[in-house]
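Grab a pencil and open the viewer.

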Amino acid sequence: VQPMEVDAVLFLFKEAGEIVKQLDQHLQAKGPLAAAFLQLTDCEALVSTDHGVVQLALMEIYVRYGKLLAFHPDLFPRYGQRVLQALVSRGIRSSHPHVVSRACFMFGRFLKLVKAQAATLLTQIHEALQDLLVVQYVPSALLPVQAEVSLTKIAVKGSLKADDQAYLYEALASLVTSAKVEEQRPLLEMLLKGPAQTLSEILTGASRAGNDVAGCAGWSGRSIEAIATVSKPFTVQHASTAPAWEAVLLLVAKILEKFLQHLGREIGLWRAALFLCRRMVEVLGDRFLDILDTFLPFLYATNDQTELAELTIFAHHLVCQYQKKMAPYLQKWLPQIFMRPYAVWQQLPEQSEQLKREKLELGAALLQLLKEAAQRCPSAILEAMLKGASLGPDMQRYAQEMTGFLLIGLQDAKELKALLYSAAAWAALLEAAAHASAMAALPVAQIFQRVLWSAARMDYNDIQSQKILGEASSILRFALSPRAQPEAQLKVMMEAFQQALVSALPGLRTETGPRKLCEVLAQDGPIKDIRTALQQCIMDWRRESGMA
């Protein structure tokens, strides 16, 4: 029988599974297709053939019908193990590179179908694949010189590509999460042992890389990426594995400290570290905060615009995830978390529309971070604004730059995203300042001028305009609340507001809207009423000026 004829038959068998409605029920009932699958799996000559096309077709069959072995666990010892053996010996260890890549991917898909049954075989499966899970050292002299090098394109002859190796690590890790709770930690330590041992050798100088700093950095990056890949199936629910993660994270922290001054030509170490941090937020939860404190110096040692934008988005995710628990860490790190990307943002050119857009994107990411920090941990920002001068020149400069940046976000009525983030940040800060009786320390008059001017001129066809109007109303309510400040100070604030309103709505002849707005504010009315009155003022002015 010719291989192409076998491939045609296997293709038709796979398609039969597509045609049959409710295949799961068919397999549960051990219908004709189920019997044919078992007969096919039992055919030694077919399963053990070394022809690439046939093996690729068989992989599709294993995944299409593999759920039969989950529905009938008694079949797994005989047929499931035969499939696993075929996937490893004839697929993952095939001499055809395209078969190897497909086998690594399909191996994970098959294991997901039979996780409960295959979990008991994890140790044996790991032993069978152990030599392929080794993260190989690649001398820096062999690496491309380009600034950006994908780790997936780097491979040592005789070893798996990084992508293929990642499929195996993730597949085996999924079996760990399916094991008994008391077995999960030792099984995880078994999976992490290889990459962790590599990191230990690099730290002690016992590795074969010698003085190849760039090569060691790249090797460390690939090892850390393997560790992060193993973490993919894990969540905070797998609490028994936390000590194993914390132990390997201490190793990673030492590696990052070792290469802190060698970011020039490192290959993937920074990106792997950020990948691991993102995963550990999901895996360790609150336990990761203290460890993260040791990662941040390395992560923020970069000056790359794209990397800083990614970091800013990650910092925003941290604030959303941990909320008030993030406050002490924000107080410590916010100056660097803000100033590093802010300094790059200031220097970005604007000679073309593309460059302008890149600058706006980084600025919007920073404003989003400040908005979230102001809403979740306002004390971290307010302390710098209120006490910056007494905390030293660096902190004073940081407070001034951050205040100015938040004001810049209010001044362009066309950039609604930046306007929304800035207005929301100021609303949250003014609310916190009202409770702390610290309103006078904030640039309230400038906030009034800019937010009212932009709110009057923004595009009301955009859905975000209504959110901005709500945040502007919150700003007015918190800044002009009679309960938030002494009467004399309130009078000054009200005068500043009236001047800002006149400046934002020049030539407004209708007095009904402004009068109603001032009355609602004087009565400390709800935000809903303030918003209605403010919108009336703006719409009256837009109609009179021909903007409506």
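A salt bridge here is a side-chain nitrogen of Lys or Arg within 4 Å of a carboxyl oxygen of Asp or Glu. Keep in mind that this is a predicted model.

**Exercise 1.** Work out what the salt bridge between Asp-524 and Arg-483 ties together.

*Solution.* 
- Step 1: start with the distance. The closest N and O atoms of Asp-524 and Arg-483 are 2.8 Å apart, and the cut-off is 4 Å, so the pair counts as a salt bridge.
- Step 2: find both ends. Asp-524 sits in the loop between α26 (512-522) and α27 (527-544), and Arg-483 in the loop between α24 (464-479) and α25 (487-504), so the bridge ties together parts 41 residues apart in sequence.
- Step 3: check the surroundings. Asp-524 has 17% relative accessibility, so it counts as buried, whereas Arg-483, at 66%, is exposed.

**Exercise 2.** Decide whether Glu-350 and Lys-359 are buried, partly exposed or exposed.

*Solution.* 
- Step 1: these two form a salt bridge, with their closest N and O atoms 3.1 Å apart.
- Step 2: recall the cut-offs: buried is under 20%, exposed is over 50%, and partly exposed is in between.
- Step 3: Glu-350 has a relative accessible area of 44%, so it's partly exposed. Lys-359 has 11%, so it's buried.

**Exercise 3.** Find what Thr-198 touches beyond its neighbours within four places in sequence.

*Solution.* 
- Step 1: locate Thr-198 in helix α12 (residues 181-204).
- Step 2: its relative accessibility is 11%, so Thr-198 counts as buried.
- Step 3: with those neighbours set aside, Thr-198 is in contact with Trp-219 and Ser-223.

Note on methods:
Residues numbered from 1 in each chain as written. Predicted model: local features only at pLDDT ≥ 70, side-chain atom pairs only at ≥ 80, totals over all residues. Heavy atoms only, no water. Helix = DSSP H or I, 4+ residues; strand = E, 2+ residues; numbered from the N terminus. Buried < 20%, exposed > 50% of the residue type's maximum accessible area, 1.4 Å probe, protein only. Contact = heavy atoms within 4.5 Å.
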